[in-house]
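Let's take a walk through this protein together. Have the structure open and follow along.

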Amino acid sequence: MRSFSSLVAWLLTVLAGIVTVPLLWVSSHVAQEDGYVEFSSQLAMDDELQVAFADYLADDFVQRGVLPRRLEDVAASALAAVARTTTNQPGFVEAWEQTQRSLHRSAFSDASGPLTVDVSPMAQFVTDRVDKDLPVSLRVPQDLTVSIGSASDRDRLQAVSQSTTFGLLGLLVVIVAGVTSLLSARSRPLAVAALGVGALVVAGVVRFASSEIAPRLVDEAKDENAFARTVQRLLVDRASDSLAGWLEWIAIGGAVAIVVGLVARLATGRRAS
């Protein structure tokens, strides 16, 4: 009976861990505004994002009549070149962070409708440095917003705001179930080793989900423009890499628990003989 209780508690620990680890990551890197801005600021240095933004900006200027269509390709090339060379200039990352902070506040507000972001700060920063390379002067519209998600995406983000509460509850379940598994086991050393195996299972399952399943879901999503798709895909890629850092420590802790448990089991077995 004790072995069965320990097994059930172990299974609950692993299942709760698989859910809790991503929730805690989302809580600190997405739900919290400062955490999200710091996390997403890495994208400001990405060449692919800069090119996608430059293409979007040139196309938007043409659609608004700010730029003649015959100059679209020239403008896109000039904007992309400037975007690449301004990543280390004072103000570029700040403009991106201002854009992301605006996105976060909009996403987690009570507003309805598609999820949009105001890219005016970035657009102004780039166009100020490209005017000299074009035969026309570019004026950034005051309502330069990009749709990067649907109304259903906004609803899902509203649920993300609860990640801190559910993450902490999940962590409590992991601790209680883990301790229960340890205390109800016939062999405490083997229970420690089993918890180590559980940690490896958690790390493996979450890693597979974040690196394989999540990118596929993003690829299947239907977005209105290439810039939105690029932002979403790069955010998922960076999230997977960031979460992988957490999972490495969990896996290391699991491996240590396995070694400690097995060594303790061998030691107690020798004393018993």
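Arg233 is partly exposed, with a relative accessible area of 27%. Keep in mind that we're looking at a predicted model. Arg233 has a partner: Asp237, and the two form a salt bridge whose closest N and O atoms are 4.0 Å apart. Both sit in helix α10 (residues 226–272), 4 residues apart, which is about one turn of the helix.

The structure holds 4 salt bridges, and some of them join Glu33, Asp34, Arg101 and Arg105 into one network through shared partners. Take Arg105 and Glu33: their side chains meet at 3.1 Å, N to O. This pair links distant parts of the chain, with Arg105 in helix α5 (residues 92–107) and Glu33 in helix α2 (residues 33–40), 72 residues apart. Arg101 and Asp34 meet in a salt bridge as well, at 3.0 Å, N to O. Arg101 lies in α5 and Asp34 in α2, so this pair ties together parts that are 67 residues apart in sequence. Asp34 is exposed at 53% relative accessibility, while Arg101 is partly exposed at 25%.

Now look at helix α6 (residues 120–128): 7 of its 9 residues are buried, so it is largely enclosed by the rest of the structure. Among the buried ones are Met122, Phe125 and Val126.

Key
Residues numbered from 1 in each chain as written. Predicted model: local features only at pLDDT ≥ 70, side-chain atom pairs only at ≥ 80, totals over all residues. Heavy atoms only, no water. Buried < 20%, exposed > 50% of the residue type's maximum accessible area, 1.4 Å probe, protein only. Helix = DSSP H or I, 4+ residues; strand = E, 2+ residues; numbered from the N terminus.
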